[in-house]
Amino acid sequence: MAYQNAFAALSDPTRRAVFERLIDGSQPVGRIARGMPVSRPAVSQHLKVLKEAGLVTDRAEGTRRVYSIDPRGLGALRRYLDQFWENTLEAFAAEVEKDAAREEAKE
Amino acid sequence: MTKTITLAPVRKSLTVKAPQAKAFEVFTTGMSRWWPATHTTLKAPFKESIVEPREGGRWYHVGTDGSTSETGHVRVWDPPRRLVLVWRLNAKWEYEPDLDTEVEVRFVPDGAATKVELEHRYIERMGESGETARSAVDSPNGWSGILEEFRKLVDGV
């Protein structure tokens, strides 16, 4: 579930830009919004969606909210593909070994 | 300086009790025999997964009704050592012509056996697809359906 949301959240280019601002480390909303082509409330809204998707976390620091990347969000996508290849390669191995054993028996 | 989101590639390796050439052959021309039928771009039931044996060759699925749908293509064809497939399937398990993720498979002889090393990279690009990724959230054929299939596989149902 978590990573469906991660896909959807990052499909918006502005939201992805907001997310990418956090790659260098934690930042308060005001600093994230600086230089962005959208308003500060819009940036806050994007951060809210990213948080709901499990991609960022926030904490209070005095009167400010500081955001940082939550590495678990993108990890879910990776885990999915990891599991896919794990299962698929097992099926491949079973097939290739069956084939090789059959040929050996023929010789 | 521009920074972009990256994800570590998915890496898998396993050793199969078969010669290198046999492993390469079954992985490519024999793909229909082991590809999970649940994981396809087809609307019809899965019948075959075809990898055309040359650089630039198509990689597509064939359904029981004869319909076909694209999966990607062959970027590197270097039998029996190495294969790079371009995987153009998005979050909804649908073909997207602009999506470019790579699946590299190396076949390394290990005595009479072969070590198979697989790397699926640039997977963060799957997050860049717009509308389909959004609709994948609620689609029964989207991730949740696929994950359910996986659970069945993992649990041996």
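In chain B, strand 4 (residues 68–78) and strand 5 run antiparallel and are joined by six bridges. Strands are DSSP runs of E with at least two residues, helices are DSSP runs of H or I with at least four residues, and both are numbered from the N terminus. Two strands pair if DSSP finds at least two bridges between them. The model is predicted: local features need pLDDT of at least 70 and side-chain atom pairs count only at pLDDT 80 or more, while totals for chains, interfaces and linings use all residues. Residues are numbered from 1 along each chain as its sequence is written, and chains are lettered from A and ligands numbered from 1 in the order in which they are written.

Strand 6 of chain B in turn runs antiparallel to strand 7 of chain B, with nine bridges between them. Pro109(B) stands opposite Thr114(B) of strand 7 of chain B. Strands 6 and 7 of chain B form a hairpin with two residues between them, and Gly111(B) in the turn has a positive phi of about 65 degrees.

These pairs belong to an open sheet of seven strands in chain B, with the order 1-7-6-5-4-3-2 and antiparallel pairing. Strand 1 (10–16) and strand 2 (46–51) of chain B are at the edges with a single partner strand each, so one side of each has no neighbour in the sheet. From one strand to the next, the twist averages 20 degrees. Helix 1 of chain B packs on this sheet and touches strand 1, strand 2, strand 5, strand 6 and strand 7 of chain B; its direction makes about 155 degrees with that of strand 6 of chain B. For such angles, axes are lines fitted to C-alpha atoms (for helices over the stretch in contact), and values run from 0 to 180 degrees between N-to-C directions.

Lys12(B) is found in strand 1 of chain B. The C-alpha atoms of Lys12(B) and Glu117(B) are separated by 5.8 Å, although the two residues are 105 residues apart along the chain. Apart from neighbours within four places in sequence, Lys12(B) is in contact with Trp85(A), Glu86(A), Leu89(A) and Leu118(B). Contact means that the C-beta atoms of two residues, placed from the backbone, lie within 7 Å. Lys12(B) has 18 other C-beta atoms within 10 Å and is partly exposed. A residue is buried if 20 or more other C-beta atoms lie within 10 Å of its own, exposed if 12 or fewer, and partly exposed in between, with C-beta atoms placed from the backbone.

Chain A has five helices and three strands, which run α-α-β-α-α-β-β-α from the N terminus on. Buried residues make up 33% of its 107 residues. The three strands form an open, antiparallel sheet in the order 1-3-2. Strand 1 (27–28) and strand 2 (56–61) of chain A are the edge strands, each with a single partner strand, so one side of each is left without a neighbour in the sheet. Two bridges pair strand 1 of chain A with strand 3 (residues 64–69) of chain A, and Gln27(A) stands opposite Tyr67(A) of strand 3. Helix 4 (residues 40–52) of chain A packs on the sheet, touching strand 2 and strand 3 of chain A.

The axes of helix 2 and helix 4 of chain A come within 10 Å and cross at roughly 80 degrees. The two helices are therefore roughly perpendicular (65 to 115 degrees). Helix 2 of chain A contributes Thr14(A), Arg15(A), Val18(A) and Phe19(A) to the contact, and helix 4 of chain A contributes Val43(A), His46(A), Leu47(A), Val49(A) and Leu50(A).

In the largest nonpolar core, which has 20 residues, Val96(A), Val16(B), Ala23(B), Phe27(B), Val105(B) and Val116(B) touch the most other members. A nonpolar core is a set of buried Ala, Val, Leu, Ile, Met, Phe, Trp, Tyr and Cys residues joined through C-beta atoms within 7 Å. Leaving aside neighbours within four places in sequence, Val96(A) is in contact with Val16(B), Ala18(B), Lys22(B), Ala23(B) and Val26(B). A second, separate core of 15 residues includes Ala9(A), Leu22(A), Leu55(A) and Val56(A).

Conventions: Angles under 35 degrees count as roughly parallel, over 145 as roughly antiparallel, 65 to 115 as roughly perpendicular and the rest as oblique.
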